[in-house]
Amino acid sequence: MSEIANHAGEWISICALNDIPVLGSRRVRREQGLDVAVFRNSQNEVFALLDRCPHKGGPLSQGIVFGTQVACPLHNWTIGLCDGQASAPDEGCTPKFSVLLDGGTVYLKAAELQTHATDLLRPVAGPARRNAAA
Ligand code: FES
């Protein structure tokens, strides 16, 4: 029996594997918090991370996937798709999400979509602000 059949309701169907471009990603909107980026590599493995680079919040969903990593489109940090860790010498981690591929369908955990890393925001871009008190 599949993982899905054993845990009906815990996992929710997101899309078909073929809805995610090879070496690309698909963003999943949430009621609260930033999107989740679901990645597909050349081996048809799937991974899910918060769509936020640990450096300055770049959209990892727009990065380039290679192997089990994604290169951030902003400053080219390399982030591990399995664990969200930045490759040394860079430091930082983006939250990862549980993801399951079953019968050609991609699933994410409902509870994680609702509550995981909902407090993380994208940094505001633009010039540094002046301190109003200065
Ligand atoms: S924001 Fe991703 S490398 Fe800078």
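**Entry 1: L23.** I looked up L23 and found it partly exposed, with 14 other C-beta atoms within 10 Å; a residue counts as buried if 20 or more other C-beta atoms lie within 10 Å of its own, as exposed if 12 or fewer, and as partly exposed in between, with C-beta atoms placed from the backbone. L23 is in the loop between β1 and β2, where helices (H or I, at least four residues) and strands (E, at least two) are DSSP runs numbered from the N terminus. Its phi is near 65 degrees, a positive value in a residue other than glycine. Most residues other than glycine have a negative phi, and most peptide bonds are trans.

I note that this is a predicted model, in which local features need pLDDT of at least 70 and side-chain atom pairs count only at pLDDT 80 or more, while totals for chains, interfaces and linings use all residues. Residues are numbered from 1 along each chain as its sequence is written.

**Entry 2: other backbone exceptions.** I then turned to A117, which has a positive phi of about 55 degrees although it is not a glycine, and which is found in the segment after α2 (110-115). A117 counts as partly exposed, with 18 C-beta neighbours inside 10 Å. I also checked the peptide bond from A88 to P89, which is cis with omega near 10 degrees; P89 lies in the loop between β7 (78-80) and β8 (96-97).

Entry 3: Which way do the residues of β3 point? I found V36, V38 and R40 on one side and A37 and F39 on the other, all of them buried. In a regular strand the side chains alternate between the two faces of the sheet. Strand β3 pairs with β2 (residues 24-28) in the antiparallel sense over 5 bridges, strands being paired if DSSP finds at least two bridges between them. β3 also runs antiparallel to β4, joined by 5 bridges. R40 is the bridge partner of G24 in β2 and of V46 in β4. In the hairpin of β3 and β4, with 5 residues between the strands, N44 takes a positive phi near 60 degrees.

**Entry 4: the core.** I looked next at the largest nonpolar core, which has 26 residues; such a core is a set of buried Ala, Val, Leu, Ile, Met, Phe, Trp, Tyr and Cys residues joined through C-beta atoms within 7 Å. V38, F39, A48 and L108 touch the most other members. β4 gives the most to this core, with 5 residues.
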